[in-house]
Structures are given as structure tokens and as C-alpha cells.
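Hi there,

Here is the structure I promised to pass on.

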Amino acid sequence: YQRRVRGSSQLLTWLILPLLSSYVAAGEFTLSGKIKSALIENAVIYGTLGLLFGVLLIYVVASKHLNSEAIKVLCITASNTWGLLVLIFLMGYGLVQVPRACWEKSCYASLLTVKRFDVSKMKMEMEEAQEKLDEVLEEVRHINRMVSRNSELRRFVNIIIDKCPSLRNEDLVNVNYDDYAQGRDDVTISRSTLVSIHAKVISSHTNMHRCQVIWDMTVSEALDLEDWVQMRNKEYRAETTLDSLKYYWRVLLIPLLLKTVAVLFAVVSVVLVWSEMLFSVKQPTLSICALLVRLVHSPVLVIVVCVGFISYMCLCAYYTIFKLRLFNYYYMAPAQQTDAYSLLFAATVLSRLTTPLSLNFLSVVHEDPRYNPDIQTAFTTIMGSFEVIPFIAQGFNVYYPILIALIGIATIFKLGTRCMAFLGFETFLSDDEISMDYVEEGKQLLTRERRARNRDEMKPDQSRDHRSRTSAPPKRENKKLLPSKTTADHSSFGSDRARLLDSEDYDPTSLLDTNPSSSSSNLRKSKASSFFDDV
């Protein structure tokens with residue numbers, strides 16, 4: 001079972017998932033074209049990696065006798081070395097950022113400041129996405145004019161137009177040009193050009209839709225936070241018991257729970273960083289994780305401790321993967337707006353981290369033959385010994401985890417964020433004037449958005465009230481009244497109004513007329529008609 005799990009994991013991470021990632025990102029129009037493009041792209045990548053593997057292979061051949069077991073261990077070592085190199089950066093960031101994120105979410109005031117910054121940033125991203133989409137659509141219009149109807153490339157152009165919802169209402173196909181021009185302008189257009197434009201169309205539409213969804217979600221979260229901050233700053237009086245429970249849960253209990261979890265995670269992070277730095281010391285044992293495993297004698301408690309530590313290591317490493325963003329090339333967007341390429345790329349990285357995480361955890365708890373020759377785990381039984389390449393087994397795998405402390409310190413002081421802000425990227429820093437300008441702009445955007453949403457909510461009520469005021473009342477039977485001394489002359493305005501309301505020809509919209517002359521004439525007509533009716 002262990003061999004099948006390890007084998008399938010390596011097959012996914014090095015062959016299947018990279019091919020699928022290249023397949024979904026290809027702009028080809030046919031299945032065979034997408035497969036061909038994916039194979040060529042991966043051949044270039046693995047050709048570069050093959051050069052590095054060839055160097056290691058030459059080293060092993062020159063230093064030791066090469067056999068099948070040595071080749072297998074060499075392949076595993078190359079894979080784990082790459083995975084450990086990535087893992088150290090992911091965990092170094094996550095061990096600091098996970099407790100900090102929990103603590104920041106418990107402070108609604110500071111979280112609202114960050115949300116206002118995100119609102120302003122998302123507004124800019126949405127405008128940039130719209131500009132890029134307009135540029136791509138203009139390219140599509142240009143390509144449509146250049147490719148004639150009888151051209152072989154016309155069917156590909158039609159496929160591209162079908163991917164543009166905003167162009168479906170435009171009469172792009174029926175343009176005025178010579179149908180038999182034999183592609184006079186087709187000389188500058190090739191299939192590779194259409195493939196590139198096709199990929200741009202798909203990417204730009206996906207990015208635009210994603211920006212709109214995330215913008216709405218961010219605005220809703222920020223408006224919700226503004227309400228809760230106002231409730232917390234002012235004395236809140238709940239109308240019902242349910243509202244009171246919701247208030248206490250959201251304003252009082254959730255921040256307290258998040259702060260408790262943040263402190264607990266911070267303690268575990270310190271323990272792991274200490275153990276990562278000192279697990280290479282065999283005597284005396286300085287790794288806190290290894291000491292805890294040895295002090296616990298119950299097998300059940302040993303499993304609980306091991307599962308707890310490795311679960312937190314996975315949480316920190318995977319948290320970084322989900323928060324990492326490489327422009328729009330790789331972006332794990334919320335609200336189910338992540339594109340297929342980013343999902344497959346994340347799956348590839350997660351698969352590659354499985355074996356390095358296991359190796360690193362066994363080293364931290366000293367359950368590895370390098371630290372205790374009497375111990376033989378299922379992992380080492382399958383993976384074999386790493387002594388084939390001494391400088392990796394005794395050097396890199398032992399001393400590289402010390403870098404986790406340096407990465408953690410850089411994350412505490414936000415050195416990466418400050419470097420990105422210095423290079424011109426929009427990043428939030430509480431002591432930066434530009435960030436505060438973004439926050440102020442976000443506050444103004446939220447004010448306008450709140451007013452707009454309030455108007456949208458009031459429109460149905462206003463339209464319903466308007467219909468109720470302008471709709472005619474039900475017809476009533478016309479009761480003929482006998483003329484009396486007090487009503488025969490019809491000099492009283494009240495009697496005239498009563499007779500007007502009882503008449504079948506009454507139109508309430510006439511009362512809304514703002515012209516005084518017309519209203520007076522209507523009143524005189526109604527008086528005259530009622531007089532002759534009585535006569």
C-alpha cells in the first residue's frame with residue numbers, strides 16, 4: 001500500500017499534473033493541438049531539469065559503483081531535495097503568518113483598515129482588467145476584419161468570437177469586404193497568432209469575471225465589518241434574543257477564540273522552529289519534538305502528538321500555497337474563482353511536498369536511521385538510504401532547516417512586503433503613507449457603495465408604494481341621491497368632492513396634475529356634470 005501511495009504521488013507530481021496544467025493553459029483549438037502544445041512545453045522544462053540530473057548522475061558514477069538501487073535512490077534524492085528546498089520557504093512563512101493571521105482577524109478595527117485597502121486595490125485591478133479586456137476585444141475585431149470568409153482560418157476566428165460574450169451582439173461576421181480576395185490581408189495572420197489571441201481572450205474574460213466577483217465579496221465583507229465595529233464602539237441594544245446571541249458571538253466570543261488559537265499556534269511555531277534548527281544534534285537531544293515523543297509512553301498518545309505536529313506543519317506549508325500569488329499566472333482566488341491552471345499547479349506542489357514533509361518530520365522527531373540506527377520506518381524501507389550522495393545526506397538535509405529561522409525573522413518584520421512596496425507593488429503597510437491613501441480611498445468607495453446598495457434596496461418598496469398610489473380604486477355602484485335643499489345648488493366643495501369620488505368616471509391621476517388651470521377646469525366640469533345628473 002505504501003509503495004502504491006508513493007508511486008502514484010510521484011507519477012502525479014512529475015507527469016500527469018504538469019501535462020494537465022499545460023493542456024488547460026494552451027490556446028489551441030483542437031484536442032490534438034492542446035496535447036502537442038503540452039508535450040512541447042513539458043519537454044522544455046524537463047530538458048532543463050535533465051541537465052541537473054545528469055550532473056548528479058555523473059557524480060554518482062564517478063564516486064561509487066552504479067546499480068539499479070543507486071539509480072532509484074538518486075531519483076528519489078533529486079526529487080526530495082527540490083521538495084525540501086521549497087518546503088523550507090513555505091514553512092518559514094507559514095509558521096509566522098498563521099498565528100499572526102488569527103490574531104489580526106480578532107481585531108476588527110485593524111482588519112477593517114486592511115479591508116478598505118483591499119477595496120481600493122480591487123477597484124484598480126478591476127479597472128486594469130477591463131482595460132486589458134477592451135484591448136483584447138479590439139484585437140479580435142481587427143482579426144475579424146483581416147481574415148476573409150473563404151480563408152482556412154475563418155473557423156478559428158469564429159471560435160474566438162464565440163468566446164467573447166460582449167461581441168455576440170455585434171455584427172462582426174457580416175463585414176463589408178471582398179469574399180474572394182483570397183485573404184489579401186491573411187498574410188500577416190497565422191494560426192499561431194490566432195492561438196495566442198485565443199489564449200488571451202480566455203484569460204482576460206476569466207480575470208475580469210474574477211475581479212468583479214471578488215470586488216463584490218470584498219465590499220460586502222468590509223461593509224459588514226463597519227457595522228460590527230460601530231456596534232462594538234456604541235452601546236448595542238438587541239431587539240430579540242437571537243440578535244443578542246448573534247452580537248455576543250460575533251463581537252465578543254469569536255475575537256476571544258481567535259486570540260486563544262493564535263497564542264496556541266505561536267507556541268507550536270516556536271517549538272517547531274527550535275526543533276528544526278537543532279534536530280541535527282544527536283547528543284544531547286535538543287529537539288523538543290523528539291523529547292516529547294520519547295517522554296510519552298502510551299502508543300495512542302504518541303500517535304496524537306505526531307499527528308498534531310505533522311498536521312500543523314502541513315497547515316503552515318499549505319497556507320502559504322493558498323496565499324501565494326504570482327501576478328495572474330498563479331492565484332488561488334476565493335469564492336470559487338480560481339482558474340484551472342492555478343488549481344492544477346497547486347495540486348502539483350502539494351503532491352511534491354508529501355515526501356519531503358515526511359522526511360522532515362522523521363528528522364525532527366529523530367525517527368530516522370541517521371539518528372537512531374535501530375529504528376527502521378516504513379518510509380526509509382521504501383525510499384532507501386540517502387547515503388548515495390554524501391553532501392546531500394550529511395550536508396544539505398541536515399543544515400538547510402536552519403534557514404527556517406531566517407525566513408521567520410524576515411516574515412516577522414515583513415521584509416518581503418517592504419521590498420515589494422519599494423518596487424512599486426500595491427502592498428499594505430500600516431506605517432506607509434501610500435497605503436493610508438489607499439485606505440482613505442477605500443473608505444470613500446465603501447461610502448458610495450453603501451448608498452448605492454441602500455437605493456437598490458429601497459427601489460422595490462418605492463415602486464410598490466407608487467403602484468398602490470396610482471392604481472385606480474375598485475368601482476362602486478353609483479348611488480343616485482335625491483336632491484335636497486342643501487345640495488341642490490351644489491355650492492359646497494365637500495359635496496362636490498363626494499359626488500366626484502362616487503362617479504364611475506373618476507380618475508385619480510387627474511389629482512396629480514400640477515397645472516392649476518386644468519385642475520380648476522376639471523373641477524368645474526365635474527360640478528356641471530353632477531348638477532345635470534341630479535336634474
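Predicted model: local features only at pLDDT ≥ 70, side-chain atom pairs only at ≥ 80, totals over all residues.

The secondary structure is made up of 18 helices and 2 strands. The chain has 535 residues, and 36% of them count as buried. Looking at contacts with a separation of 6 or more, 75% are between residues 24 or more positions apart. The chain exposes about 32,200 Å², with 62% of that supplied by carbon and sulfur atoms.

Two of the cysteines show why. A disulfide needs two cysteine sulfur atoms within 2.5 Å. For Cys 102, the closest cysteine sulfur is in Cys 316, 9.9 Å away, so the gap is too far for a bond. Cys 316 in turn has its closest cysteine sulfur in Cys 314, and at 9.4 Å that is also too far for a bond. Both of these residues are in buried positions: Cys 102 has 14% relative accessibility, and Cys 316 has a relative accessible area of 0%.

The helix I would point you to is H5, which spans residues 154-162. Its buried residues are Arg 154, Phe 156, Val 157, Ile 160 and Ile 161. They lie on the same side of H5, because they cover an arc of only 160° around the axis. What do they pack against? The partners of the buried H5 residues are helix H4 (108-146) and helix H6 (191-233).

Best wishes

Key
Residues numbered from 1 in each chain as written. Heavy atoms only, no water. Helix = DSSP H or I, 4+ residues; strand = E, 2+ residues; numbered from the N terminus. Buried < 20%, exposed > 50% of the residue type's maximum accessible area, 1.4 Å probe, protein only. Contact = heavy atoms within 4.5 Å. Areas by Shrake-Rupley, 256 points an atom, 1.4 Å probe, with all protein chains shown as cover. Arc of directions from axis to C-beta.
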